[in-house]
Amino acid sequence: MKIALLGYGRMGKEIEKIALQRGHEIVIKYSGEETYDITAADVAIDFSIPDVAFDNISNCLHNNVPVVSGTTGWLDKYNDIVDLCNEKKGGFIYASNFSLGVNIFFELNKQLAKMMSTLEQYNVGIEEIHHTKKLDAPSGTAITLAEGIIENSPMTEWELNEQNAKTSIPIKAVRTPDVPGTHTITYDSSIDTIDIKHTAHNRQGFALGSVIAAEWLVGKSGVFSMADVLNLG
């Protein structure tokens with residue numbers, strides 16, 4: 001495949017290594033100022049920044065180039081991208097986290113939420129820890145985890161760093177140097193505590209997952225998720 005990397009920071013460079021190892025060609029490396037012709041690519045992988053992600057994805061869809069995006073912080077415009085993708089009969093995958101392990105963790109989180117949904121003695125919370133250069137808080141992964149709990153329990157919302165109601169999920173966001181990403185779901189009662197946790201050791205898992213998603217997406221039309229790519233759930 002000919003791949004466009006929209007965002008050529010640390011993640012973009014990691015994706016490049018994985019893509020080359022898997023026999024693909026990088027035809028565009030966009031880091032924010034260059035001009036490029038997206039039609040030179042078979043597929044685009046967007047790991048840019050929130051301010052430009054929407055334009056990057058829109059440009060791909062307008063030019064019939066399927067696009068995989070792992071940029072978080074722009075999702076107030078997500079439905080606009082879904083509408084555009086459907087209108088153009090394009091291909092689009094967004095994931096808050098492309099790690100294969102994290103996507104399995106998402107499904108475990110949903111199953112645990114179902115099992116805990118009638119046990120009122122437990123309070124649920126989420127903690128996410130990331131490197132200090134991460135621009136958004138809470139992480140997109142933490143939000144996805146919270147949404148998975150909300151879909152499968154009486155919880156109705158999430159709140160950053162506090163809990164104002166019995167039906168809200170507190171998310172604690174911690175920023176510390178050189179942490180790729182750690183997410184913990186905790187169910188706590190006066191009797192005991194249940195934790196499930198995912199710890200990323202490096203960025204390779206995110207990069208591999210995004211390349212696998214791009215390989216899967218080429219030739220398809222529609223809006224998909226990593227659950228579709230991995231045939232989960």
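**Exercise 1. Which residues of helix α5 are buried, and what do they pack against?**

*Solution.* Begin with the term: a residue is buried at under 20% relative accessible area, exposed at over 50%, and partly exposed in between, with a 1.4 Å probe and protein chains only. By this rule, the buried residues of α5 are Gly-140, Thr-141, Ala-142, Leu-145, Ala-146, Gly-148 and Ile-149. Next, consider their surroundings, where contact means heavy atoms within 4.5 Å. These buried residues pack against α4 (100-116), β6 (123-130), β7 (157-160), β8 (168-175) and β9 (181-188). Helices (H or I, at least four residues) and strands (E, at least two) are DSSP runs, numbered from the N terminus.

The model is predicted: local features need pLDDT of at least 70, side-chain atom pairs count only at pLDDT 80 or more, and totals for chains, interfaces and linings use all residues. Residues are numbered from 1 along each chain as its sequence is written, and side-chain values use heavy atoms, with hydrogens and water left out.

**Exercise 2. Compare the reach of α5 and of α2 with the expected span of each helix.**

*Solution.* The expected span is 1.5 Å times one less than the number of residues in the helix. Helix α5 (residues 140-151) has 12 residues and reaches 16 Å from its first C-alpha to its last, close to the expected 16 Å. Helix α2 has 13 residues and reaches 19 Å between its first and last C-alpha, close to the expected 18 Å.

**Exercise 3. Describe how α2 is covered and how α2 packs with α3.**

*Solution.* First, identify the buried residues of α2: they are Ala-53, Asn-56, Ile-57, Ser-58, Cys-60 and Leu-61. Their cover includes β1, β2 (25-30), β3, β4, α3 and β5 (91-94).

Second, examine the geometry. Axes are lines fitted to C-alpha atoms, for helices over the stretch in contact, and angles run from 0 to 180 degrees between N-to-C directions. Helix α2 (residues 50-62) and α3 pack at an angle of about 10°, with their axes 9 Å apart. Helix α2 is therefore roughly parallel to α3, a class that holds for angles under 35 degrees, while over 145 is roughly antiparallel, 65 to 115 roughly perpendicular and the rest oblique.

Third, list the residues that meet. Phe-54, Ile-57, Ser-58, Leu-61 and His-62 in α2 meet Asp-80, Ile-81, Leu-84, Cys-85 and Lys-88 in α3. By class, this contact has six nonpolar, two polar and two charged residues. Here Ala, Val, Leu, Ile, Met, Phe, Trp, Tyr, Cys and Pro count as nonpolar, Asp, Glu, Lys and Arg as charged, and the others, Gly among them, as polar.

**Exercise 4. Which residues touch the most other members of the largest nonpolar core, and which elements give two or more residues to this core?**

*Solution.* A nonpolar core is a set of buried Ala, Val, Leu, Ile, Met, Phe, Trp, Tyr and Cys residues joined through side-chain atoms within 4.5 Å. The largest core has 24 residues, of which Ile-3, Ile-15, Ile-45, Val-68, Ile-93, Phe-98 and Ala-213 touch the most other members. The elements that give two or more residues are β1 (2-6), α1 (10-21), β3 (43-46), α6 (204-217) and α7 (226-230). Helix α6 gives the most, with six residues. A second, separate core of 19 residues includes Ile-38, Val-67, Trp-74 and Tyr-94. In soluble globular proteins, nonpolar side chains tend to be buried together.

**Exercise 5. Is Thr-72 buried or exposed, and what is in contact with Thr-72?**

*Solution.* Locate Thr-72 in the loop between β4 (67-69) and α3 (78-88). Thr-72 is buried, because its relative accessible area is 10%. Leaving aside neighbours within four places in sequence, Thr-72 is in contact with Pro-50, Tyr-94, Ser-96, Lys-134, Asp-136 and Gly-140.

**Exercise 6. Where do Lys-89 and Asn-231 lie, and what is the phi of each?**

*Solution.* Most residues other than glycine have a negative phi. Lys-89, in the loop between α3 and β5, has a positive phi near 55°. Its relative accessibility is 64%, so Lys-89 counts as exposed. Asn-231, in the segment after α7, also has a positive phi near 55°. With 71% relative accessibility, Asn-231 counts as exposed.
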